[in-house]
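Okay, everyone, thanks for coming. I'd like to walk you through one model today, so let me put it up on the screen.

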Amino acid sequence: MSKIRFRQKKVLIAGGIGGLIVLLICILVGILYVNHLTGKMNGQRQALEQELEQTQQVLKEEMVEVEIVTRDIQSGESIRTNDLETRKIPKSVIADEAVLSKELINGKIAKVDLPQNSPVTASVIYEDEVTTRDIRNQEFGLIELPIKLKQNDYVDVRIKLPSGQDYIVLSKKRVEDLQNGTVWYQMSEKEILNMSSAIVDAYINDASIYALTYVEPGIQEKAYTTYPANKSVLDLIDSDPNIVQKATTELERRNRVKLEEALNAMTPQQRQDYKSNRNTQQTAEEQAAAEQTAAEQTTYQQQTNDLMNETSTTQPQNTETIFNDQNSVGGTP
């Protein structure tokens, strides 16, 4: 009997020691977990305190009302009042730049690209030239244009003579429109006369007229016009009013000849490669369109199935009631 009690005491003691060990382990893990949570909370609290401090500092700063662009504005693009929105921002953000109203910004040209929500100040815009009474839209199909030329780009139109002399005929002209090698500029009467003289010069001397784009038109200054209008050419224009049209037609013909020579210079292999690439591109576009149509049909079918499932889960009306209602609507007694 005494042996049994002794064994029970040993079991109880061992169980107590084991329970004590487990309790100590749990306490240790709990302390470590609490310390981890405390450290994490302290870090979050410090971050919140820093953010609060920065917010309070911003609130203490002097706020100014500035016009913000509501969309991406490209360099050389005109800014209108519907592109602007008035917001308050800290004065330190715009430093000492001049703050302008919508009325003063309207119609101005962006010097650089302005991403959405950018403030508009005097340093990022400039005023386009005043439209005088003699400004006219003029189109040209004889100018050799850069391949990457696009609307609203700014260019210098130059004439290159066979002797190597190169002159600027038109300086910093904006491309008002561009279609199939024909370009439109707004030109003054003097510019029109200079261009007419350059066209006749190019016709007589077998010269070429070409255009070069500006890299940063909002920042780069307008180049000086270096082409001297030839007096004899101007006299020729006066004596034969059709000479400009003749020269224009001839230069356009020369440009067409150059294009045809470039096309004829292509080897049969180059032509085949071009056709293959074109067919491959067309096939890829057709495949993409087919995949999109299939996806739309799948989506439509899924929506139809969902709608049918929803309809089937609703409580059906009594067939006899529906039949009687339809007869009532149809006027059947």
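I'll start with the ground rules, then go to a helix, the cores and a loop.

This is a predicted model, where local features need pLDDT of at least 70, side-chain atom pairs count only at pLDDT 80 or more, and totals for chains, interfaces and linings use all residues. Residues are numbered from 1 along each chain as its sequence is written, and side-chain values use heavy atoms, with hydrogens and water left out.

So, helix α3, residues 189-205. Helices here are DSSP runs of H or I, at least four residues, and strands are runs of E, at least two, numbered from the N terminus. Just after α3, D206 has a positive phi of about 55 degrees.

Now, the largest nonpolar core: 26 residues, with I143, I159, Y185, M195 and I209 among those with the most contacts inside it. A core means buried Ala, Val, Leu, Ile, Met, Phe, Trp, Tyr and Cys residues joined through side-chain atoms within 4.5 Å. Buried is under 20% relative accessible area, exposed over 50%, partly exposed in between, with a 1.4 Å probe and protein chains only. Which element gives this core its largest share? That's α3, with six residues.

Last stop, V93, in the loop between β2 (84-90) and α2 (102-105). At 55% relative accessibility, V93 counts as exposed.
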